[in-house]
Amino acid sequence: MDMEQRFAQLEEKIATLEHELDRVNSVNEIQRLMSKYMIVHVRNSKWDGLTQATSWKLFAPREDTTLEAMGRGIYVGIDKIRKMYEELIGVGVEEGCMYEHDLTTAAIVVAKDGNTARGLWLSPGHETDPR
């Protein structure tokens, strides 16, 4: 193998490694985004001007974006997700009500092309109902 072929192989390997590094960085960015979401999701918490009612803005503004909220349903499309947050979550909770949900078991898959990703988290917790 001559020097040109070796350089070509090395350049290809570097390009592959850079692409994989981008995908790993995407996973880290998604984890940071979900951390931001959980901080905003706590009652009366704010981050960068976001609140519970406006936390829908952290979702990708696409028609195929999906949110599955246990006990509330599956919402497909950013408009339906926005409506759910503004109407159900944005109302807030009654005095004396407490929610605690932590994210666990992150399962994040970044597509091979690096353009899209899917994630699934468990969010065990407890809620109280003042009624």
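**Exercise 1. The largest nonpolar core**

Task: Find which residues of the largest nonpolar core touch the most other members, and which elements give two or more residues to this core.

Solution. 
Step 1. A nonpolar core is a set of buried Ala, Val, Leu, Ile, Met, Phe, Trp, Tyr and Cys residues joined through side-chain atoms within 4.5 Å. Buried means under 20% relative accessible area, exposed over 50%, and partly exposed in between, with a 1.4 Å probe and protein chains only.
Step 2. The model is predicted: local features need pLDDT of at least 70, side-chain atom pairs count only at pLDDT 80 or more, and totals for chains, interfaces and linings use all residues. Residues are numbered from 1 along each chain as its sequence is written, and side-chain values use heavy atoms, with hydrogens and water left out.
Step 3. Read the core. It has 14 residues; Tyr37, Trp56, Phe59, Leu67, Ile81, Met84 and Tyr85 touch the most other members.
Step 4. Assign the elements. Helices (H or I, at least four residues) and strands (E, at least two) are DSSP runs, numbered from the N terminus. Helices α1 and α2 give two or more residues to this core.
Step 5. Nonpolar side chains tend to be buried together in soluble globular proteins.

**Exercise 2. Aromatic pairs**

Task: Determine how many aromatic pairs there are, and describe the two that involve Tyr37 with Phe59 and with Tyr85.

Solution. 
Step 1. Apply the rule. Rings of Phe, Tyr and Trp (its six-membered ring) pair if their centres lie within 6.5 Å; planes under 30 degrees apart are stacked, over 60 edge-to-face, and the rest tilted. The count is three aromatic pairs.
Step 2. Take Tyr37 and Phe59. The pair is edge-to-face, with 6.0 Å centre to centre and 85 degrees between the planes. Tyr37 lies in helix α1 and Phe59 in the loop between α1 and β1, so the pair ties together parts 22 residues apart in sequence. Tyr37 is buried at a relative accessible area of 11%; Phe59 is buried at 18%.
Step 3. Take Tyr37 and Tyr85. This pair is edge-to-face as well, at 6.3 Å centre to centre and 85 degrees between the planes. Tyr85 sits in helix α2 (residues 78-89) and Tyr37 in helix α1, so parts 48 residues apart in sequence are tied together.
Step 4. Join the pairs. Ring pairs link Tyr37, Phe59 and Tyr85 into a cluster.
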